[in-house]
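Please walk me through how this chain is packed, one region at a time.

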Amino acid sequence: MSLLADLTLGAVEDAQARRAQLPLADVERIAAEQPAALDATTFLARGETVRVIAEVKRASPSRGDLAAIPDPALQASRYETGGASAISVLTEGRRFKGSLDDLTAVKKAVGLPVLRKDFIATTYQVAEARAAGADLVLLIVAGLDRPTIAELFSLTVDMGMTPLVEAHTADEVQIAVDLGAPIIGINARDLSDFSLDRNLFERLAPGIPDSTIRVAESAVAVPDDVVHYRTGGADVVLIGEALVTGDPVATLSAFISATEGI
């Protein structure tokens with residue numbers, strides 16, 4: 001079993017346990033009571049400098065523990081101060097040590113769109129994302145068959161959220177394009193074995209229409225990495241580890257300002 005398949009299986013099992021405590025009908029009722037989701041495309045549209053989705057991330061399978069982050073809302077507020085355009089919250093609990101409570105806390109603390117980043121494979125997970133206040137939902141093409149990703153994509157849109165569809169190959173990019181994804185992410189990290197290829201974005205980005213927001217994910221440690229992605233056509237970069245292990249405000253400022261004029 002690939003690492004992605006294992007992570008997805010675990011995330012679905014945990015969602016099933018939550019569903020046993022809080023049925024789908026109750027989650028849908030809570031979701032319907034939430035304020036309307038923010039339109040993430042207006043925050044992430046290409047600008048004079050790169051946009052940043054800053055991530056609240058405690059740990060990962062590839063690096064282990066990164067930062068305790070006892071107050072995810074405070075971390076997200078620092079990201080907003082530093083110039084982030086959206087916040088990503090890892091809600092997977094087994095390997096990334098996140099939770100939906102983190103997402104709810106972050107949403108209450110910032111005025112930016114909030115992405116639920118998890119291994120989403122069921123309609124229940126989409127509904128609970130909205131119930132927790134998410135404005136965006138990550139859908140990973142590699143982890144879903146076509147009927148499932150089409151169903152989850154449609155439900156995400158129907159609930160007022162924006163899907164961020166993640167691809168790792170040219171074929172997966174085409175699936176995202178065929179879905180009509182408004183935002184497509186290319187992850188430099190192969191989720192089958194967690195290896196990195198920083199040049200993957202540059203190779204796959206030409207397959208994404210100009211009207212679609214292009215997000216480069218992973219392999220960002222220094223400003224030159226952000227410049228590399230921007231030069232390759234990125235409208236947005238998603239950054240986690242570099243922000244949780246250093247000064248988030250100063251780091252964000254340096255990353256964003258490095259792309260002025262590019």
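In which strand does Arg 116 lie? Arg 116 lies in strand 5, where helices (H or I, at least four residues) and strands (E, at least two) are DSSP runs numbered from the N terminus. This is a predicted model, in which local features need pLDDT of at least 70, side-chain atom pairs count only at pLDDT 80 or more, and totals for chains, interfaces and linings use all residues. Residues are numbered from 1 along each chain as its sequence is written, and side-chain values use heavy atoms, with hydrogens and water left out.

Arg 116 counts as buried because its relative accessibility is 1%; buried means under 20% relative accessible area, exposed over 50%, and partly exposed in between (1.4 Å probe, protein chains only). Its side chain makes a polar contact of 2.9 Å with that of Thr 91. Such a contact is a pair of N or O atoms within 3.5 Å; within protein, one must be able to donate a hydrogen and the other to accept it, and residues adjacent in sequence count only if both atoms are side-chain atoms. Beyond four places in sequence, the contacts of Arg 116 include Arg 18, Leu 100, Leu 103 and Glu 128, contact meaning heavy atoms within 4.5 Å.

At the start of helix 5, a side-chain oxygen of Ser 99 comes within 3.3 Å of the backbone nitrogen of Asp 101.

Val 106 is also among the residues that touch the most other members of the largest nonpolar core, which has 60 residues. A nonpolar core is a set of buried Ala, Val, Leu, Ile, Met, Phe, Trp, Tyr and Cys residues joined through side-chain atoms within 4.5 Å. A second, separate core of 23 residues includes Ala 40 and Leu 136.

The whole structure holds 2 aromatic pairs. Rings of Phe, Tyr and Trp (its six-membered ring) pair if their centres lie within 6.5 Å; planes under 30 degrees apart count as stacked, over 60 as edge-to-face and the rest as tilted. Phe 96 and Phe 119 have ring centres 5.9 Å apart and planes at 35°, so this pair is tilted.
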